[in-house]
Amino acid sequence: MGRGERGLKGEELIQEETNFLLNTYARHPIFLVRGQGAKVWDSNGREYLDFVGGIAVCNLGHCHPRVVQALEEQARRLIHCSNLYYIGPQLDLAQRLCEHSFGEKVFFCNSGAEANEAAIKLARKYTKEQYGGKKYKIITMEDSFHGRTMGALSATGQQKLHKGFEPLLPGFKYVPFDDIEAVKEAIGPQTCAVMVEPIQGEGGVNLPSPDYLKGLRELCDQKKILLIYDEVQVGMGRTGKLFAYQHYDTPPHIMTLAKSLGNGVPIGAVVTTEEVAQAFSPGSHASTFGGNPMATRVGCVVLDTLLGDGILENCQQMGEYFLRGLLALKERYAFIKDVRGKGLIIGVELEFEGKEIVGRCLEKGFLINCTMDRVLRFVPPLIITRNEIDLLLAALEEIFSER
């Protein structure tokens, strides 16, 4: 039984936490102890509708029965073994990912940042082996987010996140998102890859022009450099297709996954082609817990459920419905600058900071999130219903009308 279920009030638990945990998150003042579907409950027994989903992690909802069953069954068989040996669920998940993507080989790790670290290393090693010289530079996008480890942070195109951690890993150049000409100008003889989120999530839910990714791929092929997609946030059905790049019919050379791949169980993955994968050999890269039997068993269940239970269709339909509702709010409130999204990743850009709106929603029993200070970001479980969306839209209407 967790601490929040042993009788202490939320306020007492929050105070206890400040005594023992590093202060790395600006947490909201509730102590969550239970989840089911799109709902969570705090230590005081209050119910919330979750439009954050663990930041695009719980795509099947909290404690999905098949996920719970897979964990229980696998825990009785094998919880961990070293990658020095062959692991059945790892093979099953790798095969599924390849069958449903451009990929032919997979590397497993524990998180999105780790997946991006591995992708950076793979791109550098492949291009050096293929073309020699000093090809190591990677072009990434302004407002991008690739993680908080040193390599992933260096790839991230947000200066505010760099402060205090310089010097960063050398070899990254940032250009504006959705600007193919800027990428052309930035490519030099030492460039080995272009790394991009097909849709920027943390950067404010920014969508590319229809031909942007196709232009990037053509440019990369022409210049003999690799194209890396960071699908950590927008992969695994978030946009209404299994992977966001499939909307643009443009596969990359390398793709990174994490977050919803395990629906809450930590896992990350790098998916790539047979040719690029040959750059790695035993000793090139590794992860003690990567491809853990528990995580990969759950990953198989997540993938099968996404593809088999009409969840992608629900994501498309509910995403369109939610977007229309938010656009209707934009018509009534001039301080809403923009509403944009695809599937169930939707951003509402405000003329003012959104922190107050997030707090007011919390008071009304809704978990929402704000990024880039002024963009309300909605990434609910993909099982969200029309009625649940209506409840949030009504709450937002009431909050906006008070301003």
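## Loop residues with positive phi

In this predicted model, Met-236 is found in the loop that connects β8 to β9 (254-257), and its phi is near 55°, a positive value in a residue other than glycine. With a relative accessibility of 1%, Met-236 counts as buried, the cut-off for that class being under 20%.

Asp-143, in the loop between β5 and α6 (150-155), also has a positive phi, of about 70°, although it is not a glycine. Its relative accessibility is 31%, so Asp-143 counts as partly exposed, a class that covers values between the 20% limit for buried residues and the 50% limit for exposed ones.

## A cis peptide bond

The peptide bond that joins Glu-166 and Pro-167 is cis, with omega at about 5°. Pro-167 belongs to the loop between α7 (159-162) and β6 (172-175).

## Helix α9 and its buried face

Helix α9 is made up of twelve residues, 212-223, and spans 16 Å from its first C-alpha to its last, which is close to the 16 Å expected at 1.5 Å a residue. Its buried residues are Tyr-212, Leu-213, Gly-215, Leu-216, Leu-219 and Cys-220. Viewed down the axis of α9, these buried residues fall within an arc of 155°, and they therefore line one face of the helix. Glu-218 and Gln-222, on the other side of α9, are exposed.

The partners of this buried face are both strands and a helix: the buried residues of α9 pack against β5 (137-141), α8 (180-186), β7 (191-196) and β8 (226-230). After the helix comes Lys-224, with a positive phi near 60°.

## Strand β7 and its parallel neighbours

Six of the six residues of β7 are buried, so this strand is largely enclosed by the rest of the structure. Strand β7 runs parallel to β5, to which it is joined by three bridges, and within this pairing Ile-138 has Ala-193 of β7 as its bridge partner.

Strand β7 is also joined to β8, by four bridges and again in parallel, with Met-195 standing opposite Ile-228 in β8.

## The antiparallel sheet of β11, β12, β15 and β14

Four strands form an open sheet with antiparallel pairing, in the order β11-β12-β15-β14. Strands β11 (336-342) and β14 (369-371) stand at the edges with a single partner strand each, so that one side of each is left without a neighbour in the sheet. From one strand to the next, the twist averages 25°.

Within this sheet, strand β12 (residues 345-350) and strand β15 (residues 375-378) run antiparallel and are joined by four bridges; the bridge partner of Ile-346 in β15 is Phe-378.

## The mixed sheet of β1, β2, β3 and β13

Another open sheet of four strands has the order β1-β2-β3-β13, and its pairing is mixed. Its edge strands are β1 (32-36) and β13 (366-367), each of which pairs on one side only. Strand β3 (residues 47-50) and β13 run parallel and are joined by two bridges, and the bridge partner of Asp-50 in β13 is Leu-367.

Note on methods. Residues are numbered from 1 along each chain as its sequence is written. This is a predicted model: local features need pLDDT of at least 70, side-chain atom pairs count only at pLDDT 80 or more; totals for chains, interfaces and linings use all residues. Side-chain values use heavy atoms; hydrogens and water are left out. The expected span of a helix is 1.5 Å times one less than its number of residues. Buried means under 20% relative accessible area, exposed over 50%, partly exposed in between (1.4 Å probe, protein chains only). The arc is that of the directions from the helix axis to the C-beta atoms. Contact means heavy atoms within 4.5 Å. Two strands pair if DSSP finds at least two bridges between them. Axes are lines fitted to C-alpha atoms, for helices over the stretch in contact, and angles run from 0 to 180 degrees between N-to-C directions.
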